[in-house]
Amino acid sequence: PRQPAKTLWYDRPRYVYLEFCVEDSRDVKVVIEDHRLVFSCKNADGTEFYNEINLYARVNSKDSREKRSDRSITCFMRKWKEKVAWPRITKENIK
């Protein structure tokens, strides 16, 4: 069974950061497109995590990347329009 990973996000003037909180992640796949992000991985127990997020605004997918650590996977997404605050991470106004 797939489930969404716990996700934290941070809005900064030039970047939006998304942190997927999965410990001991394996088979990490991150696809950053201009208007959406797709994340999937497995943890040590074999549980599958999957998140697909339609982003609030456009990002520069060519200047975006991810970094994996023992406890999480952090995505750094360069905003297309810098210094414009994002009120939320998703296009839809839902939790």
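This note sets out numbered points on the strands, core, aromatic rings and cysteines of the structure.

1. Basis. The model is predicted: local features need pLDDT of at least 70 and side-chain atom pairs count only at pLDDT 80 or more, while totals for chains, interfaces and linings use all residues. Residues are numbered from 1 along each chain as its sequence is written, and side-chain values use heavy atoms, with hydrogens and water left out.

2. Annotated span. An unreviewed UniProt entry places the feature "domain: CS" at residues 2-90; UniProt positions follow the numbering used here, feature names are shortened, and annotations may be inferred rather than shown by experiment. Residues 2-90 are 0% helix and 60% strand, and their end C-alpha atoms lie 20 Å apart. Helices (H or I, at least four residues) and strands (E, at least two) are DSSP runs, numbered from the N terminus.

3. Open sheet. In the order β1-β6-β5-β4, 4 strands form an open sheet with mixed pairing; two strands pair if DSSP finds at least two bridges between them. The edges are β1 (2-3) and β4 (26-32), each with a single partner strand, so one side of each lacks a neighbour in the sheet. Strands β5 (residues 36-42) and β6 (residues 48-54) run antiparallel and are joined by 7 bridges. One of the residues concerned is Arg-36, whose bridge partner in β6 is Asn-54.

4. Pairing around β3. Strand β3 (residues 15-21) pairs with strand β2 (residues 6-11) in the antiparallel sense over 6 bridges, and a hairpin joins β2 to β3 through 3 residues. Strand β3 also pairs with strand β8 (residues 73-79), again antiparallel and over 6 bridges. Glu-19 in β3 illustrates both pairings: Leu-8 stands opposite Glu-19, and Thr-74 is the bridge partner of Glu-19 in β8.

5. Nonpolar core. The largest nonpolar core has 19 residues, and those with the most contacts inside it are Leu-18, Phe-20, Leu-37, Phe-39 and Met-77. At least two residues of this core come from each of β3, β4, β5, β6 and β8. Such a core is a set of buried Ala, Val, Leu, Ile, Met, Phe, Trp, Tyr and Cys residues joined through side-chain atoms within 4.5 Å. Beyond its neighbours within four places in sequence, Phe-20 has contacts (heavy atoms within 4.5 Å) with residues including Ala-5, Leu-37, Phe-39, Ile-53, Ile-73 and Cys-75.

6. Aromatic rings. The structure holds 4 aromatic pairs. Tyr-15 and Tyr-17 form a tilted pair, at 6.1 Å centre to centre and 35° between the planes. The ring centres of Tyr-17 and Phe-76 are 5.3 Å apart with planes at 80°, so this pair is edge-to-face. The latter pair links distant parts of the chain, with Tyr-17 in strand β3 and Phe-76 in strand β8, 59 residues apart. Rings of Phe, Tyr and Trp (its six-membered ring) pair if their centres lie within 6.5 Å; planes under 30 degrees apart count as stacked, over 60 as edge-to-face and the rest as tilted. Ring pairs link Tyr-15, Tyr-17 and Phe-76 into a cluster. Relative accessible area is 22% for Tyr-15, which is partly exposed, and 23% for Tyr-17, also partly exposed, whereas Phe-76 is buried at 17%. Buried means under 20% relative accessible area, exposed over 50%, and partly exposed in between (1.4 Å probe, protein chains only).

7. Cysteines. A search of the whole structure finds 0 disulfides, a disulfide being a pair of cysteine sulfur atoms within 2.5 Å. For Cys-21, the nearest cysteine sulfur is that of Cys-41, 11 Å away. The sulfur of Cys-41 is 11 Å from the closest cysteine sulfur, in Cys-75, which is too far for a bond. Cys-21 is partly exposed at 27% relative accessible area, whereas Cys-41 is buried at 5%.
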